[in-house]
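Keep the 3D view open and follow along.

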Amino acid sequence: MKIRRLSQPDLPEVLRIQRECYSQDFLESADSFSAKLSAYPDFCYKAVQSESVVGYVVALPWVFGEILDLDRVEYSIPSDPDSLCIHDMAVSPNARKAGTAKQLLDAVLDTAKQRGYERLFLVAIQGASSYWKRNGFEVVDVDESLKRDLSMYGEEATYMTRAVEEV
């Protein structure tokens, strides 16, 4: 397994993996992924196995207590990001037992540490909060405003955080 930077030519594979992993309600367009990559590609990676893309992660510098809108076609990094938001991480079902997700997460953590970020956050969907808890993330109590924003991610959406340095 090799972890490499995600780039625009990888988007057809990202869309394929997304369709394998998410319900129709959470699918984002190629334009949305392209916008995120254009906004800040430094925290976006792909996992490659036998020359095939089997997983990806898209993360952006952001402000803790906020979330990225789902499927927007324009993103700009806030002027005062204090954290790193893992917007999306998905692994093809046939590559899940190979430690692919852990390698993608480690790539983001290593880069975040190098860049001086102290906190990661994300929105766990489709019951993924148990996975994220096993990897050091904790559920955050959210206010009513953030709860409304989370509704675009479904009823089970959970706002979670962890320190970059945690094991």
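The largest cavity has a volume of about 50 Å³. A cavity here is a set of points, on a 1 Å grid over the protein atoms alone, where a 1.4 Å probe fits but cannot get out. Grid points are joined across faces, edges and corners, and the volume is the space filled by probe spheres set on the points. A search of the whole structure finds one cavity of 30 Å³ or more. Its lining consists of I67, L68, C85, I86, H87, V123 and Y153; a lining residue has an atom within 4 Å of a point. β4 gives the most to this lining, with three residues.

The model is predicted: local features need pLDDT of at least 70, side-chain atom pairs count only at pLDDT 80 or more, and totals for chains, interfaces and linings use all residues. Residues are numbered from 1 along each chain as its sequence is written, and side-chain values use heavy atoms, with hydrogens and water left out.

Now step back to the sheet. It is open, has seven strands and mixed pairing, and runs in the order β1-β2-β3-β4-β5-β7-β6. At the edges stand β1 (2–5) and β6 (138–139), each with a single partner strand, so one side of each has no neighbour in the sheet. Strands are DSSP runs of E with at least two residues, helices are runs of H or I with at least four, and both are numbered from the N terminus. Two strands pair if DSSP finds at least two bridges between them. Strands of a sheet pair through backbone hydrogen bonds, either parallel or antiparallel.

Follow the pairing from β1. β1 and β2 are antiparallel, with four bridges. R5 has Y45 of β2 as its bridge partner. Y45 in turn is partnered by V57 in β3. β2 and β3 are also antiparallel, over five bridges. They form a hairpin with two residues between them, and S50 in the turn has a positive phi of about 50°.

The next step is β3 to β4, again antiparallel, with eight bridges. V57 is partnered by M89 in β4, and A59 by I86. I86 also stands opposite L122 in β5. β4, helix α3 (residues 100–114) and β5 make a right-handed β-α-β unit. Right-handed means that, with the strands pointing away from the viewer, the path from the first strand over the helix to the second runs clockwise.

How buried are β3 and β4? In β4, nine of the nine residues are buried, so the strand is largely enclosed by the rest of the structure. In β3 the count is 10 of the 11 residues, so β3 is largely enclosed as well. Buried means under 20% relative accessible area, exposed over 50%, and partly exposed in between (1.4 Å probe, protein chains only).

The largest nonpolar core has 31 residues, and Y56 and V123 have the most contacts inside it. At least two residues each come from α1 (11–21), α2 (30–39), β3 (52–62), β4 (83–91), β5 (119–124) and α5 (144–150). Apart from this core lies another, of 26 residues, among them V108, L122, F137 and M160. A nonpolar core is a set of buried Ala, Val, Leu, Ile, Met, Phe, Trp, Tyr and Cys residues joined through side-chain atoms within 4.5 Å.

What does Y56 touch, leaving aside its neighbours within four places in sequence? Its contacts include L6, V14, I17, F33, Y45, M89 and L104. Contact means heavy atoms within 4.5 Å. F33 sits in α2, where S32, F33, A35, K36 and L37 are buried. The buried residues of α2 pack against α1, β3 and β4.

Finish with two loops. Most residues other than glycine have a negative phi, and most peptide bonds are trans. E51 has a positive phi, near 65°. This residue is found in the loop between β2 (45–49) and β3. At 65% relative accessibility, E51 counts as exposed. Q126 is not a glycine either, yet its phi is positive, about 50°. Q126 lies in the loop between β5 and α4 (129–134). With 36% relative accessibility, Q126 counts as partly exposed.

Conventions. 1 Å grid on protein atoms, 1.4 Å probe; cavity = no way out; pocket = protein on both sides within 12 Å on 5 of 7 lines; lining within 4 Å.
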